[in-house]
Amino acid sequence: MAGGTTSHDGPRLGPVPLEIAASYRARTRGLLGRDGIEGALLLTPAGSVHTFRMRFAIDVAYLDRHMTVLAVRTMAPGRLGLPRLRARHVLEAEAGAMARWGLRPGVRVEISPCPGADRG
């Protein structure tokens with residue numbers, strides 16, 4: 001499933017390509033086996049992540065049920081992230097991307113379909 005993400009409560013950032021992993025299988029696979037990602041991957045529902053068997057460092061943003069960022073962490077491969085009790089979604093991207101996008105605690109993320117995205 002494709003979509004886009006933008007942030008509120010700060011400098012407006014343009015759409016960021018977004019993949020959504022909503023099934024158990026998609027969440028379990030996450031970014032495993034990839035050499036990188038253009039944009040971000042939203043794991044939903046999710047409250048924690050790990051980077052075992054990952055090939056690159058990632059930024060992780062924990063989001064509450066209102067899509068507000070609770071915390072942002074950079075995780076090297078082979079790490080286990082601590083669960084966030086209020087987190088309902090996790091946004092993953094290549095390390096450094098979230099700082100460029102201005103994602104920080106308190107920022108609200110908006111998910112919207114990209115023009116031309118499959119709506120089937």
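Throughout this tour, contact means that heavy atoms lie within 4.5 Å. The model is predicted, and for that reason local features are taken only at pLDDT of at least 70 and side-chain atom pairs only at pLDDT 80 or more, while totals for chains, interfaces and linings use all residues. Residues are numbered from 1 along each chain as its sequence is written, and side-chain values use heavy atoms, with hydrogens and water left out.

**The whole chain**

Begin with the protein chain in cartoon view, where two helices and seven strands can be traced; helices (H or I, at least four residues) and strands (E, at least two) are DSSP runs, numbered from the N terminus. Followed along the sequence, these elements give the pattern β-β-α-β-β-β-β-α-β. Colour next by accessibility, with buried standing for under 20% relative accessible area, exposed for over 50% and partly exposed for what falls in between (1.4 Å probe, protein chains only); of the 120 residues in the protein chain, 42% are buried. Among the contacts with a separation of 6 or more, 57% join residues 24 or more positions apart.

**The nonpolar cores**

Select Leu31, Leu43, Val49, Ile58, Val60, Tyr62 and Val90, which have the most contacts inside the largest nonpolar core, a set of 17 residues. A nonpolar core is here a set of buried Ala, Val, Leu, Ile, Met, Phe, Trp, Tyr and Cys residues joined through side-chain atoms within 4.5 Å. Strands β3 (40-43), β4 (58-63) and β5 (69-75) each supply at least two residues of this core, and β4 gives the most, with three residues. Apart from this core lies another, of 16 residues, including Val69, Ala93, Met98 and Val109. In soluble globular proteins, nonpolar side chains tend to be buried together.

Now centre on Leu31 and display its surroundings: leaving aside neighbours within four places in sequence, Leu31 is in contact with Ile37, Leu41, Met54, Phe56, Ile58 and Glu92.

**The largest pocket**

Show the surface around Arg27, Thr28, Leu43, Val49 and His50, which lie nearest the centre of the largest pocket among its 15 lining residues. On a 1 Å grid over the protein atoms alone, a pocket is an open set of points where a 1.4 Å probe fits, with protein on both sides within 12 Å along at least five of seven lines, and lining residues have an atom within 4 Å of a point. The volume of this pocket is about 220 Å³, where grid points are joined across faces, edges and corners and a volume is the space filled by probe spheres set on the points. Helix α1 (residues 24-29) contributes the largest share of the lining, four residues. By class, the lining has eight nonpolar, four polar and three charged residues, with Ala, Val, Leu, Ile, Met, Phe, Trp, Tyr, Cys and Pro counted as nonpolar, Asp, Glu, Lys and Arg as charged, and the others, Gly among them, as polar.

**Two salt bridges**

A salt bridge is taken as a side-chain nitrogen of Lys or Arg within 4 Å of a carboxyl oxygen of Asp or Glu, and the count by this rule comes to two. Select Arg34 and Glu19, whose side chains meet in a salt bridge at 2.8 Å, N to O. Arg34 lies in the loop between α1 and β3 and Glu19 in strand β2 (residues 16-21), so the pair ties together parts that are 15 residues apart in sequence. Arg34 is partly exposed at 22% relative accessible area, and Glu19 is likewise partly exposed at 30%.

Move on to Arg55 and Asp35, which form a salt bridge with their closest N and O atoms 3.0 Å apart. This pair links distant parts of the chain, with Arg55 in the loop between β3 and β4 and Asp35 in the loop between α1 and β3, 20 residues apart; both Arg55 and Asp35 are exposed.

**Stops in the loops**

Select Thr51, in the loop between β3 and β4, which is buried with a relative accessible area of 0%. Not counting residues up to four places away in sequence, Thr51 touches Ile58, Met75, Ala76, Pro77, Gly78 and Arg79.

In the loop between β3 and β4 one also finds Pro45, and the peptide bond from Thr44 to Pro45 is cis, with omega near -10°. Arg53, in the loop between β3 and β4, has a positive phi of about 65° although it is not a glycine.
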